[in-house]
Amino acid sequence: LVLFAEPDPTEALAEKMASWEATDEERRAATLGGLVPGSSGTDGFDLGLYVAFPFLFGSLVLFLLFPFLRDSIDVSTLGDVAAQ
């Protein structure tokens, strides 16, 4: 006959950790503008990446293709500076 059941320590720990989690209202109150990472919607960071991506990708392509394009660039008009 068991009069007192021992509580499962993992359940007690899980309940305690769940109580530490912030609610959605607390998360929004703790951030500037109410933007929470992982929330839906586009913020300024995403817009900045959208604008910067074509420039970053274009410069990467030019960097990778330059060894193949190097010989087709006309440097004869630069004079002796290009020969050195």
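1. A word on areas before the numbers: accessible areas here come from the Shrake-Rupley method with a 1.4 Å probe. On that basis, the accessible surface of the protein is about 8,200 Å², and carbon and sulfur atoms account for 66% of it. Please keep in mind that this is a predicted model.

2. On the overall fold, the protein has four helices and zero strands. Read from the N terminus, its elements run α-α-α-α. Of its 84 residues, 2% count as buried.

3. Helix α3 covers residues 44–69. With 26 residues, α3 reaches 37 Å from its first C-alpha to its last, close to the 38 Å expected at 1.5 Å a residue. Do look at A52, though: α3 bends there by about 40 degrees, and a proline, P54, follows within four residues.

4. Which residues make the nonpolar surface patch of about 950 Å²? They are F53, F57, L60, V61, F63, L64, L65, F68 and L69. One of them, L65, lies in helix α3. L65 has a relative accessible area of 41%, so it is partly exposed, since that class runs between the cut-offs of 20% and 50%.

5. Now the aromatic rings. A pair of rings is described by the distance of the centres and the angle of the planes. Ring centres must lie within 6.5 Å to pair, and the count comes to one aromatic pair. The rings of F53 and F57 have centres 5.8 Å apart and planes at 20 degrees, so this pair is stacked, because planes under 30 degrees apart count as stacked.

6. Why are F53 and F57 separated by about one helical turn? Because they sit four residues apart in helix α3. As for their accessibility, F53 counts as exposed because its relative value is 52%, while F57, at 46%, counts as partly exposed.

Key: Residues numbered from 1 in each chain as written. Predicted model: local features only at pLDDT ≥ 70, side-chain atom pairs only at ≥ 80, totals over all residues. Heavy atoms only, no water. Patch = residues over 30% accessible without salt bridge, like charges linked within 9 Å, V, L, I, M, F, W, Y side chains within 5 Å. Salt bridge = Lys/Arg side-chain N within 4 Å of Asp/Glu carboxyl O. Helix = DSSP H or I, 4+ residues; strand = E, 2+ residues; numbered from the N terminus. Buried < 20%, exposed > 50% of the residue type's maximum accessible area, 1.4 Å probe, protein only. Phe/Tyr/Trp six-rings, centres within 6.5 Å; stacked < 30°, edge-to-face > 60°. Expected span 1.5 Å × (residues − 1). Bend = angle between axes of the 7 residues up to and from the residue.
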